[in-house]
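Take a look at the backbone and the packing of this model.

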Amino acid sequence: MTDSVAVVGGGAVGVTAARELAARGADVTLFERGDIASESTGRAAGICYDAFAGRTDAAVAARAMNRFRELAAETRFSFRERPYVWLARDGDERKAEAIREQVPRMRERGRNVDLLDAADLRAEFPTLATDDVAVAAVAWDAACADPAEYAAVVAERAADAGATIRTDTEVGVTSDPAVVTSDGTVDFDAVLVAAGAHARPLLAEAGVAVPIKAYRVQALVTEPIPGGEGLPTLYDASGEFYVRPRDGGVLVGDGVERRDFDPDDWDRTADDAFVEGALERIDVSLAPDVDRPDGFDRAWAGLCTATPDRDPLVGEVEPELFVAAGWHGHGFMRAPALGRTVAGEILGDDGIAAFDPTRFDGDEQFPVVEGMTVE
Ligand SMILES: Cc1cc2nc3c(=O)[nH]c(=O)nc-3n(C[C@H](O)[C@H](O)[C@H](O)COP(=O)(O)OP(=O)(O)OC[C@H]3O[C@@H](n4cnc5c(N)ncnc54)[C@H](O)[C@@H]3O)c2cc1C
């Protein structure tokens, strides 16, 4: 029996794992160097869906969606059901073909997704620009949430279940396993590194190499527009950006920089070019009769994490030292499932073989591929 567990990181994944561990009787301490959700989780767009073609991904997503709904029924957490549309525009036959090919595979996995032509899309979603759409798909089992709210609610539940939550506490880890605080080294029966973009440097301190790259992405929320809350979530595969309703306006995500960033040295403010481009992207996404926003309310950058095979690293890397990271921009929507999975592994349950972090040597060279891509 694992008695004492340290969870390093108070993002969506760390708080989920901490809550599960505490609920199952472990003595849990969560260490977060800032506030809960102060890194990627607090910067995420909060788009959730189950539209995955792979068996494991589809099953994980279905579990996560169920957990989100249960949490929304039990707490103040708000989970707004909202279809997720993705599409390719005329002239982008490669991505159009990829969408046509992936939708039947998602349906084989039991996902509630449909392929739509431009006319179907216009009929279903009259607020979207559809004239130059080559093909679209819609996932009906999809929603939007506030990731920071999720993390706050789950951290409270973890504390209610007996976990100690230590914010403003930066720690190091060793392979003993132990956690190194400013007051000294504390041994634990198990340590989970759920430190997002910091997972690689943190594990490197413990002598463990994991192939995780941190890449920079950007987002912006516009001022409110009439009918803004009624928009679906949209991923434009040809333009490689997404939009979702947020606070009565539109959230746009794009500005991906596909290179490895130092998680302690990157620009957290959005680039001017991204901001200008984002307003144009809204313009091309909306039907002509939908009001455009006058300007934007806020814009920011954040880090996502990539792995060589685009699957996350979830499991044990050294005896009783665990990692959960490498989400390719899908870490929030999968946190309710995979945070629990890694907690279960710590307590002796089976993990997910495809996500076993020891499948890599740790020194792999690989390009960063953004997670929403249809190819
Ligand atoms: C702009 C943007 C939009 C996104 N949109 C979506 C989306 O729509 N849907 C989706 O599913 N995902 C989205 N993502 C991805 C999502 O944010 C992440 O995959 C997810 O939040 C990862 O959660 P996490 O708990 O692993 O990491 P994080 O939220 O980064 O949490 C890790 C925590 O560890 C802490 N930490 C690090 N080092 C230490 C240390 N030494 N000691 C103590 N604490 C430490 C950090 O402070 C941080 O709070 C988006 C990301 C960005 C940036």
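D168 is exposed, with a relative accessible area of 58%; exposed means over 50%, buried under 20% and partly exposed in between, using a 1.4 Å probe and protein chains only. D168 is not a glycine, yet its phi is positive, about 50 degrees. The residue sits in the loop between β9 (164-166) and β10. Strands here are DSSP runs of E, at least two residues, and helices are runs of H or I, at least four residues, both numbered from the N terminus.

This is a predicted model, where local features need pLDDT of at least 70, side-chain atom pairs count only at pLDDT 80 or more, and totals for chains, interfaces and linings use all residues. Residues are numbered from 1 along each chain as its sequence is written, and side-chain values use heavy atoms, without hydrogens and water.

E320 also is not a glycine and has a positive phi, about 65 degrees. E320 is partly exposed, at 29% relative accessible area. Its loop runs between β19 (313-318) and β20 (321-325).

P177 lies in the loop between β10 (172-174) and β11 (178-181). The peptide bond from D176 to P177 is cis, with omega near 5 degrees.

The largest nonpolar core has 77 residues, and Y49, Y84, W86 and L192 touch the most other members. Such a core is a set of buried Ala, Val, Leu, Ile, Met, Phe, Trp, Tyr and Cys residues joined through side-chain atoms within 4.5 Å. Helix α9 (residues 331-346) gives the largest share of this core, 8 residues. Another core, of 26 residues, lies apart from it; A136, I225, V275 and A287 are among them.
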